[in-house]
Amino acid sequence: MLVFRRQPGESFLIGENVEVRILQVGRGYVKIGVIAPREVEIYRSEIAGLNREAAATDWSSPQVTQSLREWLDLLKSGRG
Amino acid sequence: MSLPSELSAGSVIYFPEGVPGFEASRRFVLLQHGEFEPLLLLQNVEDESLNLPVIPAQFVDPTYQLRVEAHDCELLGFPEPPQLGHNAVCLLVLILAGPGTAPKCNLFAPIVINPLSMRGKQLMQIGSSYPSVFPLAGG
């Protein structure tokens, strides 16, 4: 992993077309701006992780099916 | 509810950019999950072991506000921003795995399908307050 320091207002390039700029650093967060061509899809990495979690559903798990059934029952009864 | 009425069973939905986490997977079908209706499975055509459990957004939040940017309208073949429940199918990914196994869904990044073009994409709702992990009641 490449590690380097940047100050707010500074940026770096990924390849020729993607620029990442540090906009603001606060308590416990960093605000980042990305300038990239439209065809470069940018998304928070946790979205891919959540999709992988969803795809890893263990349908044989009684815990999974029971909690799902409980929620759907609530949903259908109009209380969910 | 069964399959969204706009979609016919077994029709292949093309995701030009894949799905985050499965970028190489482009072709999916929507299947009913009989036991857990209205839950649906978005199943990859090439790899049937790849299934994403999803649920129409209206079931989780009847007032769900979908925003589709112009370039995504173009990608999905919407001549203008779509209306949820009219000309767009909006599905939320259900996360049923992991610690605790209480059901959660991703409100921040719904999977949007244009039933006319049969194209789909998971769209980030940038600028919204929708969380990517939303615990569902009863979990």
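Biologist: How many helices and strands does the secondary structure of chain A come to?

Modeller: This is a predicted model, in which local features need pLDDT of at least 70, side-chain atom pairs count only at pLDDT 80 or more, and totals for chains, interfaces and linings use all residues. Residues are numbered from 1 along each chain as its sequence is written, while chains are lettered from A and ligands numbered from 1 in the order in which they are written. Helices (H or I, at least four residues) and strands (E, at least two) are DSSP runs, numbered from the N terminus. From that end chain A runs β-β-β-α-α, and the secondary structure comes to two helices and three strands.

Biologist: Is chain A a compact globule or more spread out?

Modeller: The radius of gyration is taken over C-alpha atoms, and the globule rule is 2.2 Å times the number of residues to the power 0.38. For 80 residues the rule gives 12 Å, and chain A has 21 Å, well over that, so chain A is more spread out.

Biologist: What percentage of the residues of chain B count as buried?

Modeller: A residue is buried if 20 or more other C-beta atoms, placed from the backbone, lie within 10 Å of its own. In chain A, buried residues make up 11% of the 80 residues. For the 139 residues of chain B, the value is 39%.

Biologist: Which element of chain A gives the largest share of the side that touches chain B?

Modeller: Two residues are in contact if their C-beta atoms, placed from the backbone, lie within 7 Å. The contact takes 27 residues from chain A and 30 residues from chain B. Helix 1 (45–55) and helix 2 (62–76) of chain A each supply at least two residues of the chain A side. The largest share, ten residues, comes from helix 1 of chain A.

Note on methods. A residue is buried if 20 or more other C-beta atoms lie within 10 Å of its own, exposed if 12 or fewer, and partly exposed in between; C-beta atoms are placed from the backbone.
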